[in-house]
Amino acid sequence: MKTTRVTTTDKPVDTFETDLLVYLVTQIKDKAPLCDKAVMAQVKKAFELGDFKGEEGEQLFYYPAAPGKKKQPTAKRILILGMGKIETENDEAMVCDTLREAGGHLAKACERTQAREIIICLPTLGTLTPEKTAECITEGALLGDYRFTKYKQVTRKKTDYTGIAAIKFACTTAVKSVRKGVAQGRISALAACAARDMAHEPGNGWTSAEFAAFAKALAKTHGLTYRCIEKKEMEKLGMGGILAVNQGSAIPPRLVILEYQPEKKSETLLLVGKGVTFDSGGISLKPGAGMEEMKYDMCGGAAVLAAMQAVGEEKPAIGVVAIIPATDNMPSGSAVRPGDIIHHFNQVTAEIVNTDAEGRMILADALAYGIKTYKPDGVVDVATLTGAVIIGLGHHFSGLISNNDNLALSLETAGRLSGEPLWRLPLNKHYKKQIESKVADIKNIGGKAGGSITAAAYLSNFVGKTPWAHLDIAGTAWNFTEKSYIPKGPSGIGVRTFLTLIRNWETGKLK
Ligand code: BES
Ligand code: ZN
Ligand code: ZN
C-alpha cells in the first residue's frame, strides 16, 4: 500500500516549493468567506464578483506567474477550498466531518491537477483545537486519496496518477499538538485504507490464509501475540459453528487471533469480526444476481484486523484482542444441510435451518472462545450480518445491539465522532423466543420479522454477562453514504470507530 508522508512545519509557506498550496475557508452568510490573511485579497475579490462563496467543495485556483520570483508565492498553484458554513452551534462531530470532507475534496483536486506534493495551511477554527483540526483534515485527505488498482494491469498506464506523495501542514502555533493530531489522523486513515484493500480482494485473493498471513506480519512488525487455530484444533475444541460453515469449502477455516497488552496492567477489549471471505449462501444458495458482492462478507474481519494495525502502531493504554473466524461459505456434497444440528464451543446446540445465516454460526464460536480465554472487560463484534439491517437503516447508519448501556453509549459516541454513525436496536426475551428450536437449544433463523435483532439474539447465547455490543455493517461496509472521503466500494467502516473507542477508553466509558 502507498504510504503518504505527512509532516508539519511552522516555517512560512513560501519556504517550500510545492505542486499545490491549499487554503481552507469557511462560508459566512452574505459576507466574504473567512480565510487566512495571505489569500484575503483574492477571496474578497472573487466573492465580490460573485464567483466564490466558500460553499462545501467549492474551489478557486490561481497561478503565480513566476513561482518564487519577485516576491511571488513558491507554489505552482494555489487552491482556495470552500468548507461551507461552520457555525458555533455545530457540535464537534459535525465540524470534524466538515474537515474530513474538505480533506476528501482536496484529494480529488490533487488528482485532477496531478499534484503529488502539497502544503496545507492549517485553518484556525474557533470551535476546534488545532490538533483535532489537523487530525480530521489528514484523515479526510488520506481516505479521499484512496485507490485500488492492483488488478488493473493491462489498462493501467505508467503515467497514471498514483496519489498524494507528501502533505505538509503549515501552522503558526501549537506545532507539537498539530503533529500529534496529524499522526493520529494518519494512523486511523491508513488503517481504514488497509481494511478497504482487504475487502477489495476477491474470494480467490483473500481467503482465511491471507487473514492469517496479514495478522502474522502485523504481529512481527509491532510485537503483538499471534495465534491461529487451525481445523484440527477446532475439532478438538468443539467449534461446531465455524466447522459447519466451512464443511462445503475446499479452503480450510482459520480462527485468527492477535493480542496486544500494554506494559501497565489494564482492562481488555475483545474485538470479533466476521471473516466470511465469500458467502454463496451454501446449500441455501443465494440468487446469482449480485452474488459477486458477497466477497465483501469479510469486512467485519477486515475492520478488526486493520484496527490492530493501528493498535500496534499506537500502543494504547488498554489491552486489545482481535479474533477473526475466517472461512468461505460454499455448497458442495460435503456442505452443511438445512436441518443439521451442530454443537457450538460452549455446548449450545443449534439447528441450522438456513445455511445462508452463517455469520452468526462462526461468530458464536469466536465469541464464546474469546470470552472464555481472554476474560475481556468488554466485547464488540462487527459483521455484515443481515440484509434486514439495510431494510431498516439503509446505507447511512450501522446497526448496534448491546446488553450494556455504557458500552452502547460509548460506541454510539465513538461512531458519531468518527463519521460512522450507529443506531441502537432493541433486544429482549421476545426476540430471543423467535429463535427457539423444537429439536435443539436454538435455531439459526428467527423468521422475517426483526431479522437483524434475531441474528443478535443468536449471538447473545455466547457472551454470558460480559458487556457486549454487536455492530451490523451489512448496509455500510460498502455502498456507505457517498462522501468526498468515502468512495464507492468498500468503506473501511468500523476501523475508525474502534480506534476512537480505544483511544478514549476509560472503564467502558468514553472520557
Ligand atoms: N452476508 C449475508 C448478509 C448480507 C446481505 C450482507 C446483504 C450484505 C448484504 C448473511 O450471511 C446472510 O446471508 N444473511 C441472511 C440471513 C437470513 C437467511 C436469515 C439474509 O440477510 O438474508
Ligand atoms: Zn449468508
Ligand atoms: Zn454472510
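Start with a pattern in the chain: the residues that hold the zinc ion (ligand 3) are spaced as K-x4-D-x17-D-x60-E. Lys 274 sits in the loop between strand E10 (268–273) and strand E11 (275–279), while Asp 297 sits in the loop between E11 and helix H8 (299–314), so this pair ties together parts that are 23 residues apart in sequence. Keep in mind that this is a predicted model.

**The zinc site**
- Four residues provide the protein donors of the zinc ion (ligand 3): Lys 274 through NZ, Asp 279 and Asp 297 through OD, and Glu 358 through OE.
- These protein donors lie 2.0 to 2.4 Å from the zinc ion (ligand 3).
- The site has six donor atoms, and with angles of 77 to 174° among them it comes out as octahedral.
- For six octahedral donors, the ideal angles are 90 or 180 degrees.

**The chain as a whole**
- You'll find 14 helices and 21 strands in the chain.
- Its radius of gyration is 24 Å, close to the 24 Å the globule rule gives for 511 residues, so the chain is as compact as a globular protein of that length.
- Along the principal axes, the C-alpha atoms fill a box of roughly 85 × 50 × 45 Å.
- Of the 511 residues, 58% are buried.
- Among contacts with a separation of 6 or more, 77% join residues 24 or more positions apart.
- The chain exposes about 21,900 Å², with 53% of that supplied by carbon and sulfur atoms.

Conventions
Residues numbered from 1 in each chain as written. Chains lettered and ligands numbered in written order. Predicted model: local features only at pLDDT ≥ 70, side-chain atom pairs only at ≥ 80, totals over all residues. Heavy atoms only, no water. Donors = N, O, S within 2.8 Å, 3.2 Å for Na, K, Ca; no water. Tetrahedral: all angles 85-135°; square planar, octahedral: opposite > 155°, others 65-115°. Helix = DSSP H or I, 4+ residues; strand = E, 2+ residues; numbered from the N terminus. Rg over C-alpha atoms; globule rule 2.2 N^0.38 Å. Buried < 20%, exposed > 50% of the residue type's maximum accessible area, 1.4 Å probe, protein only. Contact = heavy atoms within 4.5 Å. Areas by Shrake-Rupley, 256 points an atom, 1.4 Å probe, with all protein chains shown as cover.
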